[in-house]
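Work through the exercises below with the sequence and the model open. Try each task before reading its solution.

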Amino acid sequence: MDVTSLVAGPLKYPYKQTPLPNGDFDWLPILAVQVSRGSLLTSPFEAIIDSGSFDCLFHGDVARAVGIKDITTGILKVSGGVVKGVQMQTYGHDIRLVVGADNFKIVGYFSDDLPIAALLGRDGFFDKYIVTFDPRGPSPGFELTRVHKQS
Amino acid sequence: MASRVIEMPVPKETENRRLELLRSAPMNSWLALSADETRIVATGKTFMEADTVAKKSGEKNYVLTRTPDVWMSRALLPVR
């Protein structure tokens with residue numbers, strides 16, 4: 001298969017601070033995204049870019065904001081973490097992920113047990129963007145470069 | 001051909017203010033932050049509750065986020 005990538009110019013976003021215990025904090029690659037389904041479009045919300053996540057995971061409230069009243073009607077997938085024995089049931093639904101002026105169809109996985117708003121993982125995000133984490137300089141951050149595969 | 005990187009600017013004063021706001025917010029809740037991340041526009045137990053209050057406030061370009069049950073380092077890494 002002949003695959004050609006069309007690369008658009010990169011956009012650089014600064015890392016954002018997130019609290020930790022004892023007054024400490026962490027810098028995280030956080031991106032404002034939106035989700036749409038049919039004619040419904042959410043307001044922008046923060047998502048953590050996480051190459052360790054297989055899929056794009058969203059809190060169940062995001063599903064309900066685009067009209068998915070019962071997330072358990074989706075495709076069940078059990079996700080695990082690095083902690084032994086910890087599992088989370090997620091439910092996949094067809095949605096569109098909106099990143100700035102860009103949007104594309106993905107299967108988003110939803111769970112009410114996700115403690116944060118969203119994670120952008122490999123299937124649905126890292127297959128759409130080259131992501132460069134850059135800790136250098138006075139404004140560390142990450143760069144996104146959209147790639148379009150053609151077969 | 002070299003392409004130019006377009007940086008999305010964030011004022012320095014925004015950084016510490018963001019931390020203060022997140023620490024002051026109720027846990028397990030949704031927040032709507034002002035575009036410059038210096039104010040909490042709305043809070044709610046659900047995404048739609050916080051979003052509705054933020055819309056009614058007339059605030060433009062707010063961003064929603066969610067506080068966890070506890071602030072901690074997390075190995076998120078959900079894998080199939």
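Predicted model: local features only at pLDDT ≥ 70, side-chain atom pairs only at ≥ 80, totals over all residues.

Residues are numbered from 1 along each chain as its sequence is written, while chains are lettered from A and ligands numbered from 1 in the order in which they are written.

**Exercise 1.** State which scores the model has and how many helices and strands chain A has.

Solution. Step one: the model scores are ipTM 0.89 and pTM 0.88. Step two: for chain B the average pLDDT is 84, and 74% of the residues score at least 70. Step three: chain A has one helix and 14 strands, where helices (H or I, at least four residues) and strands (E, at least two) are DSSP runs numbered from the N terminus.

**Exercise 2.** Decide whether strand S7 (residues 45-49) of chain A is enclosed or open, and find which strands pair with it.

Solution. Step one: a residue is buried if 20 or more other C-beta atoms lie within 10 Å of its own, exposed if 12 or fewer, and partly exposed in between, with C-beta atoms placed from the backbone. Step two: five of the five residues of S7(A) are buried, so this strand is largely enclosed by the rest of the structure. Step three: in a regular strand the side chains alternate between the two faces of the sheet. In S7(A), A:Phe45, A:Ala47 and A:Ile49 point one way, and A:Glu46 and A:Ile48 the other way. Step four: strands pair if DSSP finds at least two bridges between them. S5(A) and S7(A) pair in the antiparallel sense over four bridges, with A:Ile30 opposite A:Ile48. S7(A) and strand S12 (residues 118-120) of chain A run parallel and are joined by two bridges; there A:Leu120 is the bridge partner of A:Ile49.

**Exercise 3.** Name residues that A:Ala118 touches.

Solution. Step one: contact requires C-beta atoms, placed from the backbone, within 7 Å. Step two: not counting residues up to four places away in sequence, A:Ala118 touches A:Phe45, A:Ala47, A:Leu57, A:Phe58, A:His59 and A:Val62.

**Exercise 4.** Explain why A:Val99 counts as partly exposed.

Solution. Step one: A:Val99 lies in strand S10 (residues 87-99) of chain A. Step two: A:Val99 counts as partly exposed because it has 19 C-beta neighbours inside 10 Å.

Definitions and conventions. Contact = placed C-beta atoms within 7 Å. pLDDT = per-residue confidence, 0-100.
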